[in-house]
Amino acid sequence: MSILFKGRKQGASSKKIGPLQRILMFFTDHLRQAVNSLGELYRAPFAAIMTIGVLGFSLTLPSTLYILVKNTEQISSQWQQASEISLFLNKNVSEANAQQLVVRLSVWDEIASVTFISADEALDEFQRISGLGDALSYLNENPLPDVLLVVPTSKHATPISAGLLLDKLRKEREVEIGKLDIEWLERLYALLNIAKELVLLLAVLLFFAVVLIIGNTIRLNILNRRDEILVMKLVGATDAFIQRPFLYTGFWFGLLGGVMAWLTVSIILWWIGLSLESFMELYQVQLDITGMGVEALAVMLGVSISLGLIGSLISVNRHVKEIEPK
Amino acid sequence: MIKFEQVSKTYPGGHNALSKVSFHLEPGEMAFLTGHSGAGKSTLLKLISLMERPTVGNVLINGHNLNHISRKQIAYIRRDIGMIFQSHQLLMGKSVFDNVSLPMVIEGHTRKTIAKRVDAALEMVGLKEKARDLPITLSGGEQQRVGIARAVVNRPPLLLADEPTGNLDPKLSMEIIRLFEDFNQAGVSVFIATHDLGLIARMKYRTLTLKQGRMITDGLSQAEEDMY
(Lines give C-alpha, C1' and ligand atoms only; values in the text may rest on other atoms or scores of the structure.)
Protein backbone atom coordinates (compact mmCIF):
# COMPACT_ATOMS: atom_id res chain seq x y z
CA MET A 1 0.00 0.00 0.00
CA SER A 2 1.30 3.42 -0.88
CA ILE A 3 2.00 5.89 1.91
CA LEU A 4 1.36 8.99 -0.17
CA PHE A 5 -1.51 7.94 -2.37
CA LYS A 6 -4.43 6.29 -0.70
CA GLY A 7 -5.95 3.63 -2.87
CA ARG A 8 -2.85 3.23 -5.02
CA LYS A 9 -1.83 -0.34 -4.64
CA GLN A 10 1.74 -1.49 -4.86
CA GLY A 11 3.45 -4.74 -5.51
CA ALA A 12 1.96 -8.10 -4.81
CA SER A 13 -1.12 -6.52 -3.24
CA SER A 14 -2.12 -4.96 -6.55
CA LYS A 15 -3.55 -8.24 -7.71
CA LYS A 16 -5.86 -10.41 -5.75
CA ILE A 17 -3.96 -13.57 -4.94
CA GLY A 18 -4.67 -16.19 -2.34
CA PRO A 19 -2.57 -16.66 0.80
CA LEU A 20 -1.24 -19.97 -0.49
CA GLN A 21 0.00 -18.36 -3.68
CA ARG A 22 1.55 -15.55 -1.66
CA ILE A 23 3.46 -18.06 0.47
CA LEU A 24 4.54 -19.92 -2.67
CA MET A 25 5.69 -16.65 -4.22
CA PHE A 26 7.66 -15.82 -1.09
CA PHE A 27 9.51 -19.12 -1.30
CA THR A 28 10.10 -19.01 -5.04
CA ASP A 29 11.41 -15.44 -4.64
CA HIS A 30 13.85 -16.53 -1.97
CA LEU A 31 14.85 -19.63 -3.87
CA ARG A 32 15.52 -17.52 -6.94
CA GLN A 33 17.68 -15.12 -4.96
CA ALA A 34 19.52 -17.97 -3.28
CA VAL A 35 20.31 -19.51 -6.65
CA ASN A 36 21.33 -16.11 -7.99
CA SER A 37 23.78 -15.65 -5.14
CA LEU A 38 25.20 -19.10 -5.80
CA GLY A 39 25.55 -18.08 -9.44
CA GLU A 40 27.54 -15.00 -8.37
CA LEU A 41 29.99 -17.28 -6.56
CA TYR A 42 30.23 -19.50 -9.62
CA ARG A 43 31.02 -16.53 -11.84
CA ALA A 44 33.94 -15.50 -9.61
CA PRO A 45 35.18 -18.97 -8.63
CA PHE A 46 38.68 -18.04 -7.56
CA ALA A 47 37.63 -15.49 -4.95
CA ALA A 48 34.84 -17.77 -3.78
CA ILE A 49 37.12 -20.79 -3.37
CA MET A 50 39.61 -18.75 -1.35
CA THR A 51 36.93 -17.57 1.06
CA ILE A 52 35.39 -21.03 1.32
CA GLY A 53 38.87 -22.49 1.88
CA VAL A 54 39.60 -20.10 4.74
CA LEU A 55 36.28 -21.01 6.32
CA GLY A 56 36.75 -24.73 5.75
CA PHE A 57 40.27 -24.94 7.15
CA SER A 58 39.40 -22.72 10.10
CA LEU A 59 36.67 -25.19 11.03
CA THR A 60 38.85 -28.22 10.31
CA LEU A 61 41.38 -27.59 13.06
CA PRO A 62 39.03 -27.37 16.04
CA SER A 63 36.82 -30.14 14.66
CA THR A 64 39.69 -32.57 14.25
CA LEU A 65 41.09 -31.83 17.69
CA TYR A 66 37.67 -32.10 19.23
CA ILE A 67 37.06 -35.48 17.71
CA LEU A 68 40.49 -36.76 18.75
CA VAL A 69 39.92 -35.64 22.35
CA LYS A 70 36.47 -37.15 22.31
CA ASN A 71 37.85 -40.47 21.07
CA THR A 72 40.68 -40.52 23.60
CA GLU A 73 38.08 -40.03 26.27
CA GLN A 74 36.13 -42.95 24.93
CA ILE A 75 39.14 -45.22 24.83
CA SER A 76 40.13 -44.32 28.37
CA SER A 77 36.63 -45.05 29.54
CA GLN A 78 36.97 -48.49 27.96
CA TRP A 79 40.08 -49.04 30.04
CA GLN A 80 38.32 -47.90 33.10
CA GLN A 81 35.44 -50.29 32.63
CA ALA A 82 37.99 -53.08 32.73
CA SER A 83 39.61 -51.70 35.82
CA GLU A 84 39.75 -54.14 38.67
CA ILE A 85 40.35 -53.82 42.33
CA SER A 86 42.91 -56.30 43.56
CA LEU A 87 42.42 -57.47 47.14
CA PHE A 88 45.36 -59.27 48.70
CA LEU A 89 44.12 -61.40 51.57
CA ASN A 90 45.82 -62.04 54.89
CA LYS A 91 48.08 -65.07 54.88
CA ASN A 92 46.12 -66.68 57.71
CA VAL A 93 42.80 -66.65 55.89
CA SER A 94 41.85 -70.17 54.90
CA GLU A 95 40.58 -70.97 51.46
CA ALA A 96 37.11 -71.70 52.89
CA ASN A 97 37.00 -68.27 54.51
CA ALA A 98 38.13 -66.72 51.30
CA GLN A 99 35.30 -68.45 49.43
CA GLN A 100 32.85 -67.09 52.02
CA LEU A 101 34.20 -63.62 51.39
CA VAL A 102 33.65 -64.13 47.68
CA VAL A 103 30.02 -65.03 48.30
CA ARG A 104 29.58 -62.07 50.65
CA LEU A 105 31.09 -59.57 48.24
CA SER A 106 29.29 -60.75 45.14
CA VAL A 107 25.95 -59.61 46.53
CA TRP A 108 27.15 -56.02 46.92
CA ASP A 109 25.43 -53.53 44.61
CA GLU A 110 28.67 -51.90 43.57
CA ILE A 111 30.31 -55.11 42.45
CA ALA A 112 29.82 -56.80 39.13
CA SER A 113 31.94 -59.88 39.70
CA VAL A 114 34.45 -61.34 42.08
CA THR A 115 37.11 -63.81 41.01
CA PHE A 116 39.12 -65.88 43.50
CA ILE A 117 42.69 -66.67 42.63
CA SER A 118 44.32 -68.92 45.17
CA ALA A 119 47.96 -68.51 46.08
CA ASP A 120 48.80 -71.79 44.31
CA GLU A 121 47.13 -70.76 41.08
CA ALA A 122 48.91 -67.44 41.21
CA LEU A 123 52.25 -69.14 41.66
CA ASP A 124 51.58 -71.49 38.73
CA GLU A 125 50.74 -68.59 36.49
CA PHE A 126 53.74 -66.64 37.66
CA GLN A 127 55.97 -69.61 36.95
CA ARG A 128 54.53 -69.95 33.48
CA ILE A 129 54.87 -66.39 32.30
CA SER A 130 57.78 -65.05 34.32
CA GLY A 131 60.30 -67.46 32.79
CA LEU A 132 61.84 -68.14 36.19
CA GLY A 133 60.75 -71.76 35.77
CA ASP A 134 62.20 -74.23 38.22
CA ALA A 135 63.93 -71.54 40.18
CA LEU A 136 60.65 -70.91 41.96
CA SER A 137 60.47 -74.49 43.23
CA TYR A 138 63.41 -73.75 45.50
CA LEU A 139 61.15 -71.52 47.58
CA ASN A 140 60.20 -73.02 50.90
CA GLU A 141 56.72 -71.76 50.79
CA ASN A 142 54.49 -69.91 48.41
CA PRO A 143 55.14 -66.21 49.06
CA LEU A 144 52.04 -65.14 47.22
CA PRO A 145 48.79 -64.38 49.02
CA ASP A 146 45.32 -65.36 47.90
CA VAL A 147 43.89 -62.67 45.69
CA LEU A 148 40.37 -61.51 44.92
CA LEU A 149 39.81 -59.61 41.68
CA VAL A 150 36.80 -57.35 42.15
CA VAL A 151 35.23 -55.75 39.09
CA PRO A 152 32.96 -52.84 39.95
CA THR A 153 29.71 -52.29 38.06
CA SER A 154 29.97 -49.68 35.32
CA LYS A 155 28.12 -47.18 37.51
CA HIS A 156 30.82 -47.46 40.15
CA ALA A 157 33.73 -47.57 37.78
CA THR A 158 34.55 -43.86 37.80
CA PRO A 159 37.71 -42.96 39.70
CA ILE A 160 35.81 -41.44 42.62
CA SER A 161 33.26 -44.16 43.29
CA ALA A 162 35.78 -46.89 42.64
CA GLY A 163 37.95 -45.22 45.27
CA LEU A 164 35.06 -45.23 47.73
CA LEU A 165 34.44 -48.89 47.02
CA LEU A 166 38.09 -49.62 47.64
CA ASP A 167 37.93 -47.93 51.06
CA LYS A 168 34.90 -50.04 51.91
CA LEU A 169 36.61 -53.25 50.83
CA ARG A 170 39.70 -52.47 52.86
CA LYS A 171 37.55 -52.61 56.00
CA GLU A 172 36.87 -56.31 55.45
CA ARG A 173 38.96 -58.11 58.02
CA GLU A 174 40.29 -60.75 55.60
CA VAL A 175 41.78 -58.06 53.35
CA GLU A 176 45.35 -57.08 53.97
CA ILE A 177 46.00 -54.75 51.03
CA GLY A 178 43.60 -53.33 48.44
CA LYS A 179 44.90 -51.78 45.27
CA LEU A 180 43.20 -49.73 42.63
CA ASP A 181 45.55 -48.14 40.18
CA ILE A 182 43.53 -45.14 39.15
CA GLU A 183 45.95 -42.33 39.64
CA TRP A 184 47.18 -42.42 36.09
CA LEU A 185 43.57 -42.41 34.94
CA GLU A 186 42.87 -39.33 37.00
CA ARG A 187 45.86 -37.64 35.46
CA LEU A 188 44.71 -38.60 32.01
CA TYR A 189 41.29 -37.19 32.76
CA ALA A 190 42.76 -33.91 33.95
CA LEU A 191 44.88 -33.71 30.82
CA LEU A 192 41.87 -34.40 28.64
CA ASN A 193 39.96 -31.65 30.38
CA ILE A 194 42.74 -29.18 29.68
CA ALA A 195 42.84 -30.35 26.08
CA LYS A 196 39.11 -29.81 25.79
CA GLU A 197 39.39 -26.28 27.13
CA LEU A 198 42.18 -25.53 24.69
CA VAL A 199 40.17 -26.89 21.78
CA LEU A 200 37.25 -24.70 22.83
CA LEU A 201 39.47 -21.64 23.10
CA LEU A 202 41.01 -22.32 19.71
CA ALA A 203 37.57 -22.82 18.20
CA VAL A 204 36.27 -19.52 19.57
CA LEU A 205 39.29 -17.64 18.23
CA LEU A 206 39.01 -19.25 14.81
CA PHE A 207 35.26 -18.62 14.71
CA PHE A 208 35.93 -14.93 15.34
CA ALA A 209 38.44 -14.94 12.51
CA VAL A 210 35.92 -16.58 10.19
CA VAL A 211 33.23 -14.03 11.01
CA LEU A 212 35.67 -11.20 10.30
CA ILE A 213 36.84 -12.76 7.04
CA ILE A 214 33.31 -13.33 5.77
CA GLY A 215 32.32 -9.84 6.89
CA ASN A 216 35.20 -8.35 4.97
CA THR A 217 34.49 -10.41 1.85
CA ILE A 218 30.86 -9.33 1.88
CA ARG A 219 31.94 -5.72 2.46
CA LEU A 220 34.05 -5.86 -0.70
CA ASN A 221 31.12 -7.39 -2.59
CA ILE A 222 28.89 -4.55 -1.44
CA LEU A 223 31.40 -1.88 -2.42
CA ASN A 224 31.87 -3.54 -5.83
CA ARG A 225 28.17 -3.24 -6.47
CA ARG A 226 27.87 0.29 -5.13
CA ASP A 227 26.45 1.72 -8.37
CA GLU A 228 23.86 -1.00 -8.59
CA ILE A 229 22.80 -0.42 -5.00
CA LEU A 230 22.46 3.32 -5.65
CA VAL A 231 20.19 2.70 -8.61
CA MET A 232 18.13 0.21 -6.65
CA LYS A 233 17.67 2.71 -3.84
CA LEU A 234 16.64 5.38 -6.34
CA VAL A 235 13.82 3.24 -7.66
CA GLY A 236 12.55 2.36 -4.21
CA ALA A 237 14.36 -0.72 -2.96
CA THR A 238 14.32 -1.18 0.81
CA ASP A 239 17.53 -1.98 2.69
CA ALA A 240 16.15 -5.45 3.39
CA PHE A 241 15.68 -6.14 -0.32
CA ILE A 242 19.21 -4.99 -1.14
CA GLN A 243 20.70 -6.97 1.74
CA ARG A 244 19.12 -10.29 0.87
CA PRO A 245 21.48 -11.43 -1.91
CA PHE A 246 24.48 -10.64 0.29
CA LEU A 247 23.02 -12.64 3.15
CA TYR A 248 22.53 -15.54 0.79
CA THR A 249 26.15 -15.21 -0.28
CA GLY A 250 27.13 -15.51 3.39
CA PHE A 251 24.89 -18.54 3.70
CA TRP A 252 26.55 -20.25 0.74
CA PHE A 253 30.02 -19.46 2.04
CA GLY A 254 28.99 -21.09 5.32
CA LEU A 255 27.42 -24.14 3.74
CA LEU A 256 30.26 -24.84 1.30
CA GLY A 257 32.90 -24.10 3.95
CA GLY A 258 31.17 -26.55 6.29
CA VAL A 259 31.07 -29.29 3.68
CA MET A 260 34.72 -28.70 2.92
CA ALA A 261 35.66 -28.86 6.60
CA TRP A 262 33.72 -32.11 7.03
CA LEU A 263 35.49 -33.70 4.09
CA THR A 264 38.89 -32.52 5.29
CA VAL A 265 38.33 -33.79 8.81
CA SER A 266 37.15 -37.14 7.47
CA ILE A 267 40.28 -37.50 5.38
CA ILE A 268 42.56 -36.46 8.25
CA LEU A 269 40.93 -38.93 10.64
CA TRP A 270 41.16 -41.73 8.12
CA TRP A 271 44.85 -40.89 7.71
CA ILE A 272 45.49 -40.81 11.44
CA GLY A 273 43.48 -44.00 11.82
CA LEU A 274 45.87 -45.84 9.48
CA SER A 275 48.95 -44.91 11.46
CA LEU A 276 47.26 -45.45 14.81
CA GLU A 277 46.18 -48.97 13.95
CA SER A 278 49.54 -50.61 14.46
CA PHE A 279 50.17 -48.56 17.57
CA MET A 280 46.88 -49.59 19.06
CA GLU A 281 47.55 -53.24 18.31
CA LEU A 282 50.55 -53.03 20.61
CA TYR A 283 48.34 -51.82 23.42
CA GLN A 284 45.66 -54.36 22.56
CA VAL A 285 43.00 -51.69 22.33
CA GLN A 286 40.30 -51.65 19.75
CA LEU A 287 40.28 -48.23 18.17
CA ASP A 288 37.67 -46.95 15.79
CA ILE A 289 37.87 -43.24 15.39
CA THR A 290 34.23 -42.33 15.40
CA GLY A 291 32.25 -39.13 15.36
CA MET A 292 32.21 -38.24 11.67
CA GLY A 293 28.67 -39.38 11.08
CA VAL A 294 25.59 -37.52 10.01
CA GLU A 295 25.36 -35.85 13.39
CA ALA A 296 28.83 -34.32 13.10
CA LEU A 297 28.02 -33.16 9.59
CA ALA A 298 24.85 -31.47 10.86
CA VAL A 299 26.70 -29.75 13.71
CA MET A 300 29.52 -28.55 11.48
CA LEU A 301 27.14 -27.26 8.83
CA GLY A 302 25.07 -25.55 11.50
CA VAL A 303 28.11 -23.83 12.95
CA SER A 304 29.58 -22.80 9.60
CA ILE A 305 26.28 -21.53 8.19
CA SER A 306 25.72 -19.51 11.37
CA LEU A 307 29.20 -18.04 11.09
CA GLY A 308 28.61 -17.15 7.43
CA LEU A 309 25.31 -15.50 8.23
CA ILE A 310 26.68 -13.59 11.24
CA GLY A 311 29.61 -12.30 9.20
CA SER A 312 27.44 -11.14 6.33
CA LEU A 313 24.80 -9.67 8.66
CA ILE A 314 27.37 -7.50 10.43
CA SER A 315 28.78 -6.30 7.12
CA VAL A 316 25.43 -5.74 5.46
CA ASN A 317 24.02 -3.80 8.40
CA ARG A 318 26.94 -1.41 8.32
CA HIS A 319 27.57 -0.91 4.65
CA VAL A 320 24.25 -1.07 2.81
CA LYS A 321 22.97 1.79 4.97
CA GLU A 322 26.02 3.88 4.17
CA ILE A 323 25.35 3.86 0.43
CA GLU A 324 22.78 6.58 -0.18
CA PRO A 325 22.04 8.45 -3.43
CA LYS A 326 23.25 12.04 -3.28
CA MET B 1 0.45 17.24 -5.94
CA ILE B 2 3.72 18.89 -4.88
CA LYS B 3 3.63 21.77 -2.43
CA PHE B 4 6.62 23.70 -1.08
CA GLU B 5 6.01 25.92 1.97
CA GLN B 6 8.81 28.42 2.68
CA VAL B 7 11.45 25.80 2.06
CA SER B 8 15.11 26.62 2.67
CA LYS B 9 18.05 24.30 2.32
CA THR B 10 21.45 25.12 3.68
CA TYR B 11 24.22 22.61 3.10
CA PRO B 12 26.85 21.98 5.75
CA GLY B 13 29.42 24.68 5.23
CA GLY B 14 26.83 27.41 4.90
CA HIS B 15 25.93 27.27 1.20
CA ASN B 16 22.32 28.38 0.77
CA ALA B 17 20.96 26.20 -2.00
CA LEU B 18 17.33 27.23 -1.58
CA SER B 19 15.78 30.16 0.29
CA LYS B 20 12.13 30.37 1.20
CA VAL B 21 10.82 28.60 -1.87
CA SER B 22 7.06 28.20 -2.11
CA PHE B 23 4.95 26.84 -4.93
CA HIS B 24 2.16 24.40 -5.57
CA LEU B 25 1.95 21.95 -8.44
CA GLU B 26 -1.62 20.74 -9.02
CA PRO B 27 -2.41 17.07 -9.61
CA GLY B 28 -2.27 16.29 -13.31
CA GLU B 29 -0.20 19.39 -14.05
CA MET B 30 2.94 19.47 -16.18
CA ALA B 31 5.53 22.11 -15.31
CA PHE B 32 9.14 23.04 -15.97
CA LEU B 33 11.76 24.14 -13.49
CA THR B 34 14.56 26.26 -14.93
CA GLY B 35 17.50 28.31 -13.85
CA HIS B 36 21.25 28.41 -14.35
CA SER B 37 23.34 25.60 -13.04
CA GLY B 38 23.82 26.07 -9.34
CA ALA B 39 20.47 27.86 -9.02
CA GLY B 40 19.10 25.04 -6.90
CA LYS B 41 17.15 22.93 -9.38
CA SER B 42 18.75 19.65 -8.39
CA THR B 43 18.43 20.44 -4.70
CA LEU B 44 14.73 21.11 -5.17
CA LEU B 45 14.21 17.76 -6.90
CA LYS B 46 16.25 16.00 -4.23
CA LEU B 47 13.96 17.38 -1.57
CA ILE B 48 11.00 15.81 -3.38
CA SER B 49 12.69 12.44 -3.83
CA LEU B 50 13.97 12.54 -0.23
CA MET B 51 17.65 12.41 -1.14
CA GLU B 52 17.91 15.56 0.96
CA ARG B 53 15.84 17.01 3.77
CA PRO B 54 14.89 20.72 3.99
CA THR B 55 16.64 22.82 6.63
CA VAL B 56 13.47 24.88 7.17
CA GLY B 57 9.95 24.60 5.77
CA ASN B 58 7.69 21.82 4.56
CA VAL B 59 7.57 19.74 1.40
CA LEU B 60 4.23 18.07 0.83
CA ILE B 61 3.27 15.43 -1.70
CA ASN B 62 -0.44 14.78 -2.06
CA GLY B 63 -0.95 16.52 1.30
CA HIS B 64 1.60 14.34 3.15
CA ASN B 65 4.40 16.25 4.84
CA LEU B 66 7.69 14.60 3.90
CA ASN B 67 9.22 15.80 7.19
CA HIS B 68 7.14 13.11 8.87
CA ILE B 69 8.48 10.35 6.67
CA SER B 70 10.99 8.13 8.47
CA ARG B 71 14.18 6.82 6.94
CA LYS B 72 12.63 3.39 6.55
CA GLN B 73 9.64 4.76 4.64
CA ILE B 74 11.75 6.57 2.03
CA ALA B 75 11.94 3.50 -0.21
CA TYR B 76 8.16 3.28 -0.33
CA ILE B 77 7.85 7.01 -1.14
CA ARG B 78 10.22 6.60 -4.08
CA ARG B 79 8.00 3.89 -5.53
CA ASP B 80 5.32 6.55 -6.01
CA ILE B 81 7.67 8.87 -7.88
CA GLY B 82 9.02 8.01 -11.30
CA MET B 83 12.47 9.56 -11.50
CA ILE B 84 14.46 10.28 -14.65
CA PHE B 85 18.09 11.40 -14.51
CA GLN B 86 20.40 13.19 -16.88
CA SER B 87 22.96 10.43 -16.38
CA HIS B 88 20.24 7.78 -16.95
CA GLN B 89 21.36 5.73 -13.91
CA LEU B 90 21.02 2.46 -15.78
CA LEU B 91 22.70 -0.81 -14.86
CA MET B 92 25.05 -1.22 -17.78
CA GLY B 93 25.67 -4.90 -17.18
CA LYS B 94 21.98 -5.84 -17.28
CA SER B 95 19.64 -6.03 -20.26
CA VAL B 96 17.11 -3.32 -21.08
CA PHE B 97 14.37 -5.63 -19.86
CA ASP B 98 16.09 -6.19 -16.50
CA ASN B 99 16.64 -2.45 -16.09
CA VAL B 100 13.04 -1.56 -16.76
CA SER B 101 11.69 -4.40 -14.63
CA LEU B 102 13.75 -3.41 -11.56
CA PRO B 103 11.02 -1.33 -9.84
CA MET B 104 8.53 -4.14 -10.41
CA VAL B 105 10.90 -6.78 -9.06
CA ILE B 106 11.50 -4.65 -5.98
CA GLU B 107 7.76 -4.39 -5.40
CA GLY B 108 7.51 -8.17 -5.66
CA HIS B 109 5.21 -8.60 -8.63
CA THR B 110 4.70 -11.96 -10.28
CA ARG B 111 6.80 -12.75 -13.32
CA LYS B 112 3.79 -12.63 -15.60
CA THR B 113 2.76 -9.15 -14.48
CA ILE B 114 6.33 -7.93 -14.76
CA ALA B 115 6.73 -9.20 -18.32
CA LYS B 116 3.44 -7.65 -19.36
CA ARG B 117 4.11 -4.23 -17.83
CA VAL B 118 7.72 -4.04 -19.02
CA ASP B 119 6.59 -4.86 -22.55
CA ALA B 120 3.97 -2.12 -22.35
CA ALA B 121 6.47 0.42 -21.00
CA LEU B 122 9.05 -0.40 -23.68
CA GLU B 123 6.35 -0.17 -26.34
CA MET B 124 5.45 3.33 -25.16
CA VAL B 125 9.04 4.54 -25.54
CA GLY B 126 9.49 2.64 -28.80
CA LEU B 127 12.15 0.20 -27.64
CA LYS B 128 10.26 -3.05 -27.66
CA GLU B 129 12.72 -4.64 -30.09
CA LYS B 130 15.70 -3.78 -27.88
CA ALA B 131 14.50 -5.51 -24.71
CA ARG B 132 17.33 -8.07 -24.79
CA ASP B 133 20.08 -5.55 -25.60
CA LEU B 134 22.51 -4.12 -23.09
CA PRO B 135 22.06 -0.36 -22.48
CA ILE B 136 25.71 0.22 -23.35
CA THR B 137 24.96 -0.70 -26.99
CA LEU B 138 22.19 1.91 -27.26
CA SER B 139 22.45 5.57 -28.27
CA GLY B 140 22.09 8.40 -25.71
CA GLY B 141 18.50 9.07 -26.70
CA GLU B 142 17.61 5.39 -26.47
CA GLN B 143 19.25 5.10 -23.06
CA GLN B 144 17.20 8.04 -21.85
CA ARG B 145 14.07 6.33 -23.10
CA VAL B 146 15.00 3.17 -21.21
CA GLY B 147 15.24 5.38 -18.10
CA ILE B 148 11.79 6.79 -18.85
CA ALA B 149 10.33 3.31 -19.34
CA ARG B 150 11.77 2.32 -15.96
CA ALA B 151 10.27 5.43 -14.36
CA VAL B 152 6.76 4.72 -15.65
CA VAL B 153 6.68 0.92 -15.46
CA ASN B 154 4.93 0.83 -12.10
CA ARG B 155 2.58 3.65 -13.12
CA PRO B 156 3.51 6.30 -10.56
CA PRO B 157 1.18 9.30 -10.19
CA LEU B 158 4.17 11.66 -10.32
CA LEU B 159 7.13 11.92 -12.70
CA LEU B 160 10.27 13.88 -11.85
CA ALA B 161 12.90 14.49 -14.50
CA ASP B 162 16.30 16.09 -13.89
CA GLU B 163 17.71 17.45 -17.18
CA PRO B 164 16.19 14.59 -19.21
CA THR B 165 17.33 16.18 -22.49
CA GLY B 166 20.72 17.28 -21.24
CA ASN B 167 22.84 15.39 -23.76
CA LEU B 168 20.40 15.20 -26.66
CA ASP B 169 20.02 17.22 -29.85
CA PRO B 170 16.87 19.38 -30.26
CA LYS B 171 14.97 16.83 -32.34
CA LEU B 172 15.55 14.00 -29.84
CA SER B 173 14.80 16.38 -26.96
CA MET B 174 11.46 17.19 -28.46
CA GLU B 175 10.65 13.50 -28.81
CA ILE B 176 11.39 12.99 -25.13
CA ILE B 177 9.19 15.95 -24.16
CA ARG B 178 6.39 14.57 -26.33
CA LEU B 179 6.65 11.32 -24.36
CA PHE B 180 6.20 13.28 -21.14
CA GLU B 181 3.18 15.01 -22.67
CA ASP B 182 1.66 11.61 -23.41
CA PHE B 183 2.06 10.54 -19.81
CA ASN B 184 0.69 13.86 -18.63
CA GLN B 185 -2.38 13.37 -20.80
CA ALA B 186 -2.87 10.01 -19.09
CA GLY B 187 -3.20 11.92 -15.78
CA VAL B 188 0.36 11.78 -14.45
CA SER B 189 1.80 14.92 -12.87
CA VAL B 190 5.09 15.80 -14.54
CA PHE B 191 7.80 18.06 -13.18
CA ILE B 192 10.87 18.61 -15.39
CA ALA B 193 14.03 20.46 -14.43
CA THR B 194 15.94 21.77 -17.45
CA HIS B 195 18.10 24.66 -18.53
CA ASP B 196 17.10 24.16 -22.17
CA LEU B 197 15.12 27.39 -22.53
CA GLY B 198 14.68 26.99 -26.26
CA LEU B 199 12.80 23.80 -25.65
CA ILE B 200 10.47 25.36 -23.10
CA ALA B 201 9.85 28.38 -25.26
CA ARG B 202 8.14 26.31 -27.90
CA MET B 203 5.54 25.10 -25.42
CA LYS B 204 2.99 26.73 -23.21
CA TYR B 205 3.60 25.12 -19.87
CA ARG B 206 3.96 26.60 -16.46
CA THR B 207 7.59 27.41 -15.77
CA LEU B 208 9.19 27.97 -12.38
CA THR B 209 12.50 29.82 -12.45
CA LEU B 210 15.12 29.63 -9.73
CA LYS B 211 17.92 32.14 -9.32
CA GLN B 212 20.47 31.68 -6.58
CA GLY B 213 18.06 29.59 -4.60
CA ARG B 214 15.10 31.94 -4.89
CA MET B 215 11.96 31.46 -6.95
CA ILE B 216 11.92 34.48 -9.23
CA THR B 217 9.12 33.65 -11.67
CA ASP B 218 6.21 31.29 -11.67
CA GLY B 219 4.07 31.43 -14.78
CA LEU B 220 3.70 30.52 -18.41
CA SER B 221 6.81 29.93 -20.46
CA GLN B 222 5.93 32.92 -22.64
CA ALA B 223 6.53 35.30 -19.74
CA GLU B 224 9.67 33.36 -18.99
CA GLU B 225 11.16 34.27 -22.35
CA ASP B 226 10.87 38.00 -21.66
CA MET B 227 13.08 37.59 -18.63
CA TYR B 228 16.10 36.60 -20.65
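Helix H8 (residues 239–282) of chain A and helix H9 (residues 294–322) of chain A pack with their axes 7 Å apart and at an angle of about 150°. The axes here are lines fitted to C-alpha atoms, for helices over the stretch in contact, and the angles, between N-to-C directions, run from 0 to 180 degrees. That angle makes H8(A) roughly antiparallel to H9(A); angles over 145 degrees count as roughly antiparallel, those under 35 as roughly parallel, 65 to 115 as roughly perpendicular, and the rest as oblique. The crossing of H8(A) with H9(A) is right-handed, a label used if the near helix is turned clockwise from the far one by less than a right angle, with anticlockwise giving left-handed. The contact of H8(A) with H9(A) has 17 nonpolar, eleven polar and two charged residues. In this scheme Ala, Val, Leu, Ile, Met, Phe, Trp, Tyr, Cys and Pro are nonpolar, Asp, Glu, Lys and Arg are charged, and the others, Gly among them, are polar.

The model is predicted, with pLDDT of at least 70 needed for local features and 80 or more for side-chain atom pairs, while totals for chains, interfaces and linings use all residues. Residues are numbered from 1 along each chain as its sequence is written, and chains are lettered from A and ligands numbered from 1 in the order in which they are written. Helices (H or I, at least four residues) and strands (E, at least two) are DSSP runs, numbered from the N terminus.

Chain A is divided into domain 1 (31–78 + 187–322) and domain 2 (84–180), with bounds from an automatic or database domain assignment. The C-alpha centres of these two domains of chain A are 53 Å apart. An open sheet in chain A holds four strands in the order S2-S3-S1-S4, with antiparallel pairing; strands count as paired if DSSP finds at least two bridges between them. At its edges are strand S2 (111–117) and strand S4 (175–179) of chain A, each pairing on one side only, and the twist from one strand to the next averages 20°. Within this sheet, strand S1 (residues 85–89) and strand S3 (residues 147–152) of chain A share four bridges in the antiparallel sense, and Phe88(A) has Val147(A) in S3(A) as its bridge partner.

Turning to chain B, an open sheet of four strands runs in the order S2-S1-S4-S5, again with antiparallel pairing. Strand S2 (16–25) and strand S5 (64–65) of chain B each have a single partner strand, so one side of each is left without a neighbour in the sheet. Strand S4 (residues 56–61) of chain B is joined to S5(B) by two bridges, and Ile61(B) stands opposite His64(B) in S5(B).

Residues making the contact include Phe97(B) and Met104(B) of H3(B) and Ile114(B) and Leu122(B) of H4(B), where contact requires C-beta atoms, placed from the backbone, within 7 Å.

Finally, the contact between the chains takes 22 residues from chain A and 24 residues from chain B. Helix H1 (19–43) and helix H7 (226–234) of chain A each give two or more residues to the side touching chain B, and H7(A) gives the most, with four residues.

Methods
Contact = placed C-beta atoms within 7 Å.
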